[in-house]
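Here is a briefing on one protein model. Look over the sequence and the fold, then read the points by topic.

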Amino acid sequence: MIDFSYCTPTRYVFGRGVEEKVGELTAAMGVKKVLVVSGHGSARRSGLLDRVLASIGAAGVATLELTGIDPNPTDDRVYEGIEICRREGVDGLIAVGGGSAIDTAKAIAGGVVYDGDFWDFYEGTAVMQKALPVGVVLTIPAAGSEGSGNSVITRKSDMKKISLRTDMALRPRFAVLNPEVTFTLPPFQVASGIADMMAHIMERYFTPTDDCATTDRVAEGLLKAIIDEAPATMADPTDYQSRANIMWAGTLAHNGVCGCGRVEDWVSHFMEHEISAVYGVTHGAGLATVFPAWMTFMAEHKPPRVAQFARRVMDVTAVDDYEAALEGISRLKAFYKSLGLPVTFAELGIAHPDIDLLVERLHRNKGAVIGGYYRLSADDTRAIYELMV
């Protein structure tokens, strides 16, 4: 293991009906007026958003709304939110939704208290030190943004999709998680969320750091729990216990605990960000396509951890590392396909991917050589994209 500092200040409130506690949790942040950020109406149609607004109002906190946040959220809505907050004297943010609403709320929270362009943080020309407090009411277990200090935003002018990582500034003050609000999610959205949370774990699991037995086992246990619970949660959307386990796994996948003491990778996320930026695909579905291809490349170039994943997570018994790695990848792809997820560009709905464009954008945005587990050049990432065809 390597040295690390870890703090997760988010208070998690989990269970049936916990959205009724949002008001007291919001008031406890010491705010007087909040901007409530949400998506395209499912939270309102279900009645959840109205319950949240009523709870906040009953606690004596005023509310404004920013609705209609798209998947793969964009900078224009962040600028809109910043302008509202400054004009109206907003001193806190509440996100009601999944990763897109949460990431937008976080970007607004950091931008309001910054004199420059919030995009400076995403470009890496400024470091975020402070932000307005953010609370979360989670509706989609997937991105794990309810427990992380991360935010992903796309700049519309050039469709540049960037992930910002902060240690503390953007970690939500609280996250409210009621598995019942996920009962009406479309199956494909649930499946994509499962792939997303698994990818968050695997980006940390595939590390060059030795002697990480504790976090290895934490990651492996979470992955096996997700794989075990996924069939039940897909078969019966109202199975509370399976939905509860999936929802909590999504949070633990990305609140940082799986990355303690180890170098992380994140190349698969970087590669998928370019796909979803160019083609507008669902992020989790893109990850289900990228990750097996990345692992196949690693089976040829650095197989030990892929083989360990295969044996400990996918129950492969082969002794030879290369053979075990390939069998583990095959089983992972079969698992994704059993959920209705794509594992090729064609299945993702991209008949003729522009691999030259994807590679050029990837390395322009992330550097000439990328990756924590294995350092990848443009020729290497091209080979991985080609494995997805």
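Which helix holds Asp-379? Asp-379 lies in helix 15. This is a predicted model, in which local features need pLDDT of at least 70, side-chain atom pairs count only at pLDDT 80 or more, and totals for chains, interfaces and linings use all residues. Residues are numbered from 1 along each chain as its sequence is written, and side-chain values use heavy atoms, with hydrogens and water left out. Helices (H or I, at least four residues) and strands (E, at least two) are DSSP runs, numbered from the N terminus.

- Asp-379 is exposed, at a relative accessible area of 60%. Here buried means under 20% relative accessible area, exposed over 50%, and partly exposed in between (1.4 Å probe, protein chains only).
- From Asp-379 to Leu-53 the C-alpha to C-alpha distance is 51 Å. In sequence, the two are 326 residues apart.
- Ala-58 sits in helix 3. Ala-58 counts as exposed, with 71% relative accessibility.
- Between the C-alpha atoms of Ala-58 and Arg-262 there are 45 Å. Along the chain, this pair is 204 residues apart.

**Helix 11 against helix 15**

- Two packed helices are described by the angle between their axes and the distance between the axes.
- Helix 11 (residues 283-301) packs on helix 15 (residues 378-386) at an angle of about 125°. Their axes are 8 Å apart. Axes are lines fitted to C-alpha atoms, for helices over the stretch in contact, and angles run from 0 to 180 degrees between N-to-C directions.
- Helix 11 and helix 15 are therefore oblique to each other. The classes are roughly parallel (under 35 degrees), roughly antiparallel (over 145), roughly perpendicular (65 to 115) and oblique for the rest.
- The crossing of helix 11 and helix 15 is right-handed. A crossing is right-handed if the near helix is turned clockwise from the far one by less than a right angle, and left-handed if anticlockwise.
- Helix 11 brings Ala-293, Trp-294 and Phe-297 to the contact. Helix 15 brings Asp-380, Ala-383 and Ile-384. Contact means heavy atoms within 4.5 Å.
- By class, the contact of helix 11 with helix 15 has 5 nonpolar, no polar and 1 charged residues. Ala, Val, Leu, Ile, Met, Phe, Trp, Tyr, Cys and Pro count as nonpolar, Asp, Glu, Lys and Arg as charged, and the others, Gly among them, as polar.

**Salt bridges**

- The whole structure has 24 salt bridges. A salt bridge is a side-chain nitrogen of Lys or Arg within 4 Å of a carboxyl oxygen of Asp or Glu.
- Arg-51 pairs with Glu-19, with the closest N and O atoms 3.1 Å apart. Arg-51 lies in helix 3 (residues 48-58) and Glu-19 in the loop between strand 1 (11-14) and helix 1 (22-28), so the pair ties together parts 32 residues apart in sequence. Arg-51 is partly exposed at 30%, whereas Glu-19 is buried at 5%.
- Arg-312 and Glu-220 form a salt bridge at 3.1 Å, N to O. Arg-312 belongs to helix 12 (residues 304-312) and Glu-220 to helix 8 (residues 213-235), so this pair ties together parts 92 residues apart in sequence. Arg-312 is partly exposed at 31%, and Glu-220 is buried at 2%.
- Lys-224 and Asp-315 form a salt bridge at 3.2 Å, N to O. Lys-224 is in helix 8 and Asp-315 in the loop between helix 12 and helix 13 (321-338), so the parts tied together are 91 residues apart in sequence. Lys-224 is partly exposed at 26%. Asp-315 is partly exposed at 48%.
- A network of salt bridges links Glu-123, Arg-155, Asp-158 and Lys-160.

**A buried serine**

- Ser-268 is part of helix 10 (residues 267-279). Ser-268 is buried, at 0% relative accessibility.
- Beyond its neighbours within four places in sequence, Ser-268 contacts Glu-203, Leu-287, Val-290, Phe-291 and Trp-294.

**Positive phi**

- Most residues other than glycine have a negative phi.
- Asn-72, not a glycine, has a positive phi of about 55°. Asn-72 lies in the loop between strand 3 (62-66) and helix 4 (75-88).
- Asp-211 also has a positive phi, near 60°. Asp-211 lies in the loop between helix 7 (187-205) and helix 8, and is exposed at 67% relative accessible area.
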